[in-house]
Amino acid sequence: MRSLTIAAAAAAFAWVGFAGAAHAEWPERAVTVIVPWSAGGGTDATARAVAAELQKRLGQPFNVVNRTGGGGLVGHITIANAPNDGYTLGVITIETTMYNAQGIPGAEPENFTLIGRFNADPIAVNVRADAPYSTVAELIDAVKAAPGTIKASGANTGGLSHLAWAGLLNKLGVDPTASPWIASDGSAPAMQQLAADAIQVVATSPAEARALVEAGEAKTLALLSGERSTVYPNLPTTDETFSIKWSPLPFRGLAGPADLPAEATATLAAQLKEITEDPEFKKFMDSRGFSVAYQNSEDFTKTVSDSRTGLVESMKVLGLAK
């Protein structure tokens with residue numbers, strides 16, 4: 001009888017232990033955060049800041065892994081194809097709205113669980129500090145005067161930086177091919193090409209150009225935006241300079257593969273909101289020149305949808321959509 005009692009107690013204990021394990025709160029182990037762009041760029045810097053905060057708040061490692069290639073496509077598809085168990089997340093960018101229009105399926109917004117946006121900064125026109133033009137209008141005049149000689153970069157061919165620069169030229173009645181686009185895996189390598197004088201223009205956020213600007217090797221001429229930035233209030237916009245409307249706004253958001261578990265999604269959404277409201281996080285972002293632009297899942301989803309509509313229309317005009 002005593003043996004039966006001990007056995008029954010052991011069985012009950014095992015069942016309680018199993019039930020507790022089955023209902024353990026997420027996360028129980030390390031989480032991987034995929035960044036589709038190169039180390040040292042703005043997406044990488046902001047992703048690492050968010051990952052560090054999640055690690056501190058949730059008590060498990062959030063390990064950032066850079067998966068570059070294909071203008072962000074490799075990393076984005078890696079996120080989309082990951083097991084939807086909550087242990088592989090990623091930071092997605094506006095390029096997810098454009099891949100499908102280029103005939104590349106698998107990384108469109110519907111392939112992700114959109115948790116929330118934490119950053120959105122306008123693209124800027126950056127040149128070498130010793131460039132012979134001091135305004136964006138002078139730069140455009142130089143492109144017109146010597147087609148093919150002023151090369152530009154900032155990301156992949158057909159990516160947002162390319163579309164932003166080519167779209168500006170198109171809006172101004174300039175053939176976009178007059179400024180050849182040199183593909184790169186992100187802003188960091190593009191800025192190094194600029195410093196080496198291999199290219200003459202980089203279309204990327206002023207935050208990503210900031211290190212070279214502060215080092216006296218580059219200068220930012222203008223923002224591709226409809227309104228001035230609160231972070232960079234002294235930078236003119238191309239809309240005000242040329243009396244046009246062209247402001248493709250990049251975003252950075254936390255996401256996972258489609259059908260992420262509700263528990264993980266809810267936890268991440270709540271934590272991301274708190275992180276973007278944290279004065280220390282805001283201080284860090286401001287120190288690097290990045291805005292904090294939080295959107296919850298619903299608003300972020302609408303932003304992504306609206307961005308896709310406008311950008312695909314522009315891609316068709318520029319012959320970049322299939």
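Me: Where does Ser243 lie in the chain?
Reply: This is a predicted model, in which local features need pLDDT of at least 70, side-chain atom pairs count only at pLDDT 80 or more, and totals for chains, interfaces and linings use all residues. Residues are numbered from 1 along each chain as its sequence is written, while side-chain values use heavy atoms, with hydrogens and water left out. Helices (H or I, at least four residues) and strands (E, at least two) are DSSP runs numbered from the N terminus, and in these terms Ser243 lies in the loop between helix 8 and strand 9.

Me: Is Ser243 buried or exposed?
Reply: Ser243 has a positive phi of about 55° although it is not a glycine. Buried means under 20% relative accessible area, exposed over 50%, and partly exposed in between, with a 1.4 Å probe and protein chains only. The relative accessibility of Ser243 is 70%, so this residue counts as exposed.

Me: What is the relative accessibility of Asp259?
Reply: Asp259, a residue other than glycine, has a positive phi near 65°. Its place is in the loop between strand 9 and helix 9 (262–277). Asp259 counts as exposed because its relative accessibility is 65%.

Me: How many helices and strands are there in the protein?
Reply: Buried residues make up 52% of the 322 residues in the protein, whose C-alpha atoms fill a box of roughly 100 × 40 × 30 Å along the principal axes. As for secondary structure, the count is 11 helices and nine strands.

Me: Which residues does Thr43 touch, not counting those up to four places away in sequence?
Reply: The place of Thr43 is in helix 2 (residues 42–58), and Thr43 counts as buried because its relative accessibility is 6%. With contact meaning heavy atoms within 4.5 Å, and with residues up to four places away in sequence not counted, Thr43 touches Val35, Trp37, Val91, Thr93, Glu208 and Arg252.

Me: What is the angle between the planes of Trp26 and Tyr87?
Reply: The structure holds three aromatic pairs, where rings of Phe, Tyr and Trp (its six-membered ring) pair if their centres lie within 6.5 Å, planes under 30 degrees apart counting as stacked, over 60 as edge-to-face and the rest as tilted. The tilted pair of Trp26 and Tyr87 has its centres 6.3 Å apart and its planes at an angle of 55°.

Me: How many residues apart are Trp26 and Tyr87?
Reply: Both Trp26 and Tyr87 are buried. Trp26 is in the loop between helix 1 (2–22) and strand 1 (31–35), whereas Tyr87 is in the loop between helix 3 (73–80) and strand 3 (88–93), and the pair thus links distant parts of the chain, 61 residues apart.

Me: Why is the pair of Phe251 and Phe300 edge-to-face?
Reply: Phe251 is buried, with a relative accessible area of 1%, and Phe300 also counts as buried, at 0% relative accessibility. The ring centres of Phe251 and Phe300 are 5.3 Å apart, and the pair is edge-to-face because the planes stand at 90°.

Me: What is the distance between the charged end of Arg29 and the centre of the Tyr87 ring?
Reply: Tyr87 belongs to one aromatic cluster together with Trp26 and Phe62. A charge sits over a ring if NZ of Lys or CZ of Arg is within 6 Å of the ring centre and within 35 degrees of the ring normal. The charged end of Arg29 sits over the ring of Tyr87, at a distance from its centre of 3.8 Å.
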